[in-house]
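Biologist: I am new to this structure and would like to learn how to read it. Please take me through some features one at a time.

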Amino acid sequence: MAAAGGGGRSCFVLGGSGETGRALLRELLAQRAFGRVTLIGRRRLSLGEAEAAVEQVVVDFERLGEHAAAFQGHDVGFCCLGTTRAKAGADGFVRVDRDYVAQAAELARAGGCKHFVLQSSRGANAQSHFLYLRVKGEVENLVQAVGFDRCTILRPAVLLCKRQESRPMEWIAQQFLGAVARVFPTAYSVPVETVARAMVACVLQPGEGKVKVLENRAIHELGKAVPQQGT
């Protein structure tokens, strides 16, 4: 079922079960920027009151080429897909954060997507000696090479959120960085809600070049520019 408002524009979201993805979905529905919002994932999500406003397509990421139809007819693609090395192992992390994302981007472009918005990470660098940053840099390069009319890459610092899954060390880091953020609000961290607002804002604003990379400070600035729900 299509979301109200947004005219005939359509978007899809990859990684809707993660913290940024959930915040993005809330922002998309609040802004009513798209007439059709589709979640593409490995399982259906329980969305409560938003259930009727969002389409959900279940895919097998190991056989993503067989699900090309899920990526057809969308104007914009949002990607928050990702896992961790601790959760998936080194090979699994590379497969999810790089290979799945790159293949999804190719399918989206073939399906008519004009603007791809990718959540990456601060420090992403394909030449990095650190696996996480190297993979993020590699996927940035792969997505850019697909040839979208517009490609926006967001590189947030540490994400501040209340995770549904338990990550004790990340929780400790968030408590510390949350305190630091009160003094240096854009330096080392960013709330997932701010990232989500920035992702939507970059689509609603006129394009500035084929590829645009938003570092953490720019994410804060753009995320503040969008009115929050209820304001």
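**Reading helix packing, rings and strands**

Modeller: At 40% relative accessibility, Tyr132 counts as partly exposed; buried means under 20% relative accessible area, exposed over 50%, and partly exposed in between, with a 1.4 Å probe and protein chains only. This is a predicted model, in which local features need pLDDT of at least 70, side-chain atom pairs count only at pLDDT 80 or more, and totals for chains, interfaces and linings use all residues. Residues are numbered from 1 along each chain as its sequence is written, and side-chain values use heavy atoms, with hydrogens and water left out.

Biologist: Which residue forms an aromatic pair with Tyr132?

Modeller: Rings of Phe, Tyr and Trp (its six-membered ring) pair if their centres lie within 6.5 Å; planes under 30 degrees apart count as stacked, over 60 as edge-to-face and the rest as tilted. A search of the whole structure finds six such pairs. One of them is stacked, with Phe61 and Tyr100 5.2 Å apart centre to centre and 20 degrees between the planes. Phe61 lies in the loop between β3 (55-58) and β4 (76-79) and Tyr100 in helix α2, so this pair ties together parts 39 residues apart in sequence. Phe61 and Tyr100 are both buried. The partner of Tyr132 is Phe93, in a stacked pair at 5.6 Å centre to centre and 20 degrees between the planes. Phe93 belongs to helix α2 and Tyr132 to helix α3, 39 residues apart. Phe93 is buried, at a relative accessible area of 1%.

Biologist: How is the packing of α2 and α3 described?

Modeller: Two packed helices are described by the angle between their axes and the distance between the axes. Helices (H or I, at least four residues) and strands (E, at least two) are DSSP runs, numbered from the N terminus. Axes are lines fitted to C-alpha atoms, for helices over the stretch in contact, and angles run from 0 to 180 degrees between N-to-C directions. Here α2 (residues 85-110) and α3 (residues 131-146) pack at about 10 degrees, with axes 9 Å apart. The two helices are therefore roughly parallel (angles under 35 degrees; over 145 is roughly antiparallel, 65 to 115 roughly perpendicular and the rest oblique).

Biologist: Is strand β6 mostly covered or uncovered?

Modeller: Mostly covered: four of the five residues of β6 (residues 150-154) are buried. Two strands pair if DSSP finds at least two bridges between them. Strand β5 (residues 115-119) pairs with β6 in the parallel sense over five bridges. Gln119 has Leu154 of β6 as its bridge partner.
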